[in-house]
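Let's take a walk through a protein model together. Have a look at the picture, and then we'll go from the whole chain down to a few details.

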Amino acid sequence: MVTLTHIGSVPSEVRNAFLFFSVLEFAVGILVNAFIFLVNFRDLVRRQPLSHCDLVLMSLSLTRLVLHGLLLLKAIQLTHFQRLRDPLSFSYQTIIILWMIVNQAGLWLATCLSLLYCSKIVRFSHAFLLHAANWISRKIPQMLLSVVVLSCVCTLLCLWDFFSGSHFSAVTRLLTNNSTELNLNIAKLSFFHSFLFCGLASIPSFLLFLVSSGVLVFSLGRHVRMMRAKTRGSRDPSLEAHTRALRSLVSFFCLYVLSLCAALFSMPLLTLWHSKAGVMVCVGIMAACPSGHAVILISGNAKLRRAVDTILLWAQSSLRVRVDHKTDPRMPGLC
């Protein structure tokens with residue numbers, strides 16, 4: 001007789017706390033990414049010219065909105081629908097594969113942002129590199145369209161691999177007379193193959209991101225050495241542009257690696273060590289990373305900072321009017 005190892009159950013207090021923080025992370029992520037999207041979409045509706053950086057940020061925020069929705073579904077699946085005998089249920093596998101696909105699209109968009117920063121900030125001396133930088137700065141809309149097409153192709157390939165693996169597992173289940181432990185092992189191997197397939201598809205964009213970010217770091221070091229010979233008290237716009245770009249890219253690199261490690265580590269936690277509490281921690285990390293990067297993007301973008309200041313001033317003036325109206329009831333209403 002085959003005995004199945006159950007997933008370690010967690011107390012209801014821990015489960016409720018995890019669900020509360022998941023909803024909170026979802027709300028923060030939706031708020032900051034919807035803010036980035038709506039600020040740029042408003043200019044698009046008003047037919048105001050959008051910079052290439054604004055186009056990339058708007059596309060990146062859109063993928064983050066989908067990402068947060070998938071992570072909330074994953075949290076609800078963990079707390080309410082995760083069965084003890086089937087830790088890798090079909091619905092849970094589908095959510096993880098979709099998360100990998102959307103995360104891959106976000107990586108390509110971050111790579112476009114890194115290439116854009118390189119073409120705009122770095123001063124190349126070689127003729128070929130200068131021509132390449134000028135070409136990149138002009139072709140950002142076409143690159144975004146290529147990212148959409150490439151993401152669709154990767155989505156189709158990943159989903160085909162995933163569903164064909166699921167079909168193979170179902171056929172094997174029939175041929176092995178419903179041997180439970182063998183079926184679970186086959187399902188795990190099939191899912192890990194699809195997970196690895198999606199992960200390997202991210203390698204080209206990740207390498208391109210590392211190269212372009214490395215060029216920015218090298219350019220910053222060279223610029224700082226040049227500035228040491230000049231006066232230190234003067235304000236240097238080029239140095240500030242380098243710093244803002246690197247803050248955005250380095251934070252994305254750290255948070256992306258952290259979220260990917262959390263996703264990878266959650267697999268053995270769920271299937272080998274059967275620790276649902278550990279998986280909950282990993283899901284919390286995966287949800288916090290895109291929200292944190294969105295906040296850093298807002299702080300480093302002048303247009304988004306102005307929009308935040310406008311909203312804060314409007315909220316402050318509205319609050320002051322309400323306080324004054326409560327203090328003096330004879331004041332006429334606003335309507």
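This is a predicted model: local features need pLDDT of at least 70, side-chain atom pairs count only at pLDDT 80 or more; totals for chains, interfaces and linings use all residues.

Residues are numbered from 1 along each chain as its sequence is written, and side-chain values use heavy atoms, leaving out hydrogens and water.

So what is the protein chain built from? You'll find ten helices and zero strands. Here helices (H or I, at least four residues) and strands (E, at least two) are DSSP runs, numbered from the N terminus. Of the chain's 335 residues, 43% count as buried; buried means under 20% relative accessible area, exposed over 50%, and partly exposed in between, using a 1.4 Å probe and protein chains only. The protein chain exposes about 18,900 Å², and carbon and sulfur atoms supply 70% of that. These areas come from the Shrake-Rupley method with a 1.4 Å probe. Now take contacts (heavy atoms within 4.5 Å): among those between residues at least 6 apart in sequence, 80% join residues at least 24 apart.

On to how helices pack. Two packed helices are described by the angle between their axes and the distance between the axes. The axes are lines fitted to C-alpha atoms, for helices over the stretch in contact, with angles from 0 to 180 degrees between N-to-C directions.

Next come α3 (residues 90–121) and α4 (residues 127–138), whose axes come within 9 Å and cross at roughly 125°. This angle makes α3 oblique to α4. Where do they meet? L115, S119 and K120 in α3 touch A133, I136 and S137 in α4.

Finally, zoom in on S202, which sits in the loop between α6 (180–200) and α7 (203–227). Is S202 buried or exposed? It counts as buried, because its relative accessibility is 8%. Leaving aside residues up to four places away in sequence, S202 touches Q104, L107 and Y256.

Note on methods:
Angles under 35 degrees count as roughly parallel, over 145 as roughly antiparallel, 65 to 115 as roughly perpendicular and the rest as oblique.
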